[in-house]
Amino acid sequence: MSAVLQGWAFSLPLVWARLYTLGLPVHERHERLERIASDVYEQRLATRRSRDLAFAILEVLVCLAGSIISDLSWRFERGHKLRVLAIRAGRTPFPVFVTVLLALAGLVGGIRLSVFHDLPGPELVAIILALLAGPLVGVLGILIARQNLVTGILALSAGSAALAVSAFPTLIAPLAAVVGAAVGLFSILETRHAYRTTPAPGRSAAPTSPYPDVPQHQLAVEAAMDAPDKLERWLSLGAILVLVGLVTTMAHDLSFPFDGTDAEIREWYAEGREAVTYGAFLGGLAGGVGLLLFFGGLYASARRAEGGTGYLSALMLASAAGAAAISMLEATLGASVGMAYAYDDEFKAGGVDTQTVRHISALGFGLLAMSAAAMAVALGALATIVLRTRQVLARWLGWATVAVAVLLLLNFPLFNMPQSLFVLWTLVVAAFRLLRPEAVPSMPRAASPAAI
Amino acid sequence: MQRKPGTLTTLESQILRSALILAAAGGAEFYGFQLAKQMKEHHGALFRTAYGPLYKALDRMTDHGLLETRWEDPDVAAAERRPRRCFYRVTAQGQRALEPVPGAAPAREGEAPA
């Protein structure tokens, strides 16, 4: 019995070590496990000599309890270092996508609730949320892009919690939890991916290193993460979703009598344009998602090209995320009355308030102008990176980006026409990135002794 | 871990002192359990230092150049049918971290003279 108890107690530290080292690279995990195994083995050997079994078991359990916080903190530091390294290299945009998408889903869902449910002043709530959405997602994007994932998640949770308390107790709170869980999951996957590219010590990629103070395996990780990823280029296909968004919005706008009389507006709803209405809503959603995918892929390349602090690429991603948020809100608001008319019989019986319709229409127009301004900032940051580094895109495309950015700033006086030009730009950039992949950088070689 | 330059944590001071005692007894190199046992005896503690804080401190001290580390030859460990040991050795910098500066006030526990 005592032997069983002893074996069980002495195996606990190793079981715990196997648990908290999950996800680490093989060589690092083995080193940690070997140290603990050696320690436990020696302790067990000493116990046999002293024959004080009860105290030995107690000591092992006390040691284990005293280790838990320290072990978890060590594991977090190891994972965090890898995540920082990966994000710095612009290699893993997934956490950014997931976080921003879920934040947008929560906010858009919240606004839909505010429009369609019996909340006080739904339009006012919708406008306030519309004003909050862009900055919230923008700040979130900056925090994530500046490699501060934890702060980013906390900012999102705080923002979501505030909204949950004020308006939507049932929707936003679970979404905030989902965001945290999703980011955690992707962090683990991302860490595993980064470590999979890490050769074990002794099997380093470069025989002679120009950085003698930096461990070879760390250099190998950095070199691997400096290489462009196929996914970065394929994300450019988000441009197709952006085009879908433009087409569905135009289909809605071309058929809707914005300048018509009250009777014409009521007749438009009475004709049953559900397909156009839902199409505009879903198209707006697809367009926003497409923008995030498109700029997420671009961010990876821009961040790598920019190097240093990465403020320009962070600004680009944050501005694009803000623009996507505002566009999605605009699509939701624009389709809201039509959707309520389509499925809410009481709303239908009460008739359409044409003044509200006109108000929402004007609001949508203003939101599009704001979205264009945010997009202009994103394009300006990207163009600066392209023209300074001569990477990411061709030089001529860099200048074209400047031109589109300037026109987007004039979106309001030009009646939203530059937004169509922007969609064309995304298609050209996507084609360029898919047809002309970046060159893979190689690790710098050490200078030969003769050359020094 | 955040720390002031030139200072040691209490655990780091204890590790260095115990390591130097082991070195004086003839073992220039030591491994984790040996160190934990020495620390327990030297400080008259009831229980040994827990695995987590001990190895975290050892890693940190290695990173700061106070200790050097090497893994035992796997064949030696296999011949003795036990897990491989990770050996540590106090560097010159580690020894200096515990030395008092001439003319300065005696260093308190947990603090090394600059």
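Glu72(B) is buried, and Arg82(B) is buried as well; the word stands for a relative accessible area under 20%, with exposed meaning over 50% and partly exposed what falls in between (1.4 Å probe, protein chains only). The side chains of these two residues meet in a salt bridge, 2.6 Å from N to O. A salt bridge here is a side-chain nitrogen of Lys or Arg within 4 Å of a carboxyl oxygen of Asp or Glu. The pair links distant parts of the chain, ten residues apart: Glu72(B) is in the loop between β1 (67-71) and α4 of chain B, and Arg82(B) is in the loop between α4 and β2 of chain B. Helices (H or I, at least four residues) and strands (E, at least two) are DSSP runs, numbered from the N terminus.

The model is predicted: local features need pLDDT of at least 70 and side-chain atom pairs count only at pLDDT 80 or more, while totals for chains, interfaces and linings use all residues. Residues are numbered from 1 along each chain as its sequence is written, chains are lettered from A and ligands numbered from 1 in the order in which they are written, and side-chain values use heavy atoms, with hydrogens and water left out.

Over all chains, the count of salt bridges comes to eleven. Five salt bridges are found across the interface of chain B and chain A. One of them is formed by Arg84(B) and Glu34(A), whose closest N and O atoms are 2.7 Å apart. Glu34(A) lies in helix α2 (residues 26-50) of chain A and Arg84(B) in the loop between α4 (74-79) and β2 of chain B, so this pair joins two chains. Glu34(A) has a relative accessibility of 23% and therefore counts as partly exposed.

A second example brings together the side chains of Arg48(B) and Asp39(A), 2.5 Å from N to O. Arg48(B) is in the loop between α2 and α3 of chain B, and Asp39(A) is in helix α2 of chain A, so this pair too joins two chains. Arg48(B) is buried because its relative accessible area is 6%. Asp39(A), at 1%, is buried as well.

The interface as a whole comes next. Its contact (heavy atoms within 4.5 Å) takes 28 residues from chain A and 24 residues from chain B. Between them the two chains bury about 2300 Å², of which 58% is on carbon and sulfur atoms. Phe47(B), Tyr51(B) and Lys56(B) supply 30% of the area that chain B buries against chain A, more than any other three residues. Buried area is the accessible area (1.4 Å probe) that two parts lose on being put together, summed over both.

Across the interface, 13 residue pairs are in polar contact, both residues being at pLDDT 80 or more. On the side of chain B that touches chain A, α2 (32-43), α3 (51-63) and β2 (86-90) of chain B each supply at least two residues. The largest share, six residues, comes from α3(B). By class, this side has twelve nonpolar, three polar and nine charged residues. Ala, Val, Leu, Ile, Met, Phe, Trp, Tyr, Cys and Pro count as nonpolar, Asp, Glu, Lys and Arg as charged, and the others, Gly among them, as polar. A polar contact is a pair of N or O atoms within 3.5 Å; within protein, one must be able to donate a hydrogen and the other to accept it, and residues adjacent in sequence count only if both atoms are side-chain atoms.

The last topic is aromatic rings. The structure holds eleven aromatic pairs over all chains. The rings of Phe294(A) and Trp425(A) have their centres 5.9 Å apart and their planes at 70°, so they are edge-to-face. Phe294(A) is in helix α12 (residues 274-306) of chain A and Trp425(A) in helix α17 (residues 417-435) of chain A, 131 residues apart. Phe295(A) and Trp425(A) form a stacked pair, with 6.4 Å from centre to centre and 25° between the planes. Rings of Phe, Tyr and Trp (its six-membered ring) pair if their centres lie within 6.5 Å; planes under 30 degrees apart count as stacked, over 60 as edge-to-face and the rest as tilted. Both Phe295(A) and Trp425(A) are buried, and Phe294(A) is buried too. Together with Phe422(A), Phe294(A), Phe295(A) and Trp425(A) form one aromatic cluster.
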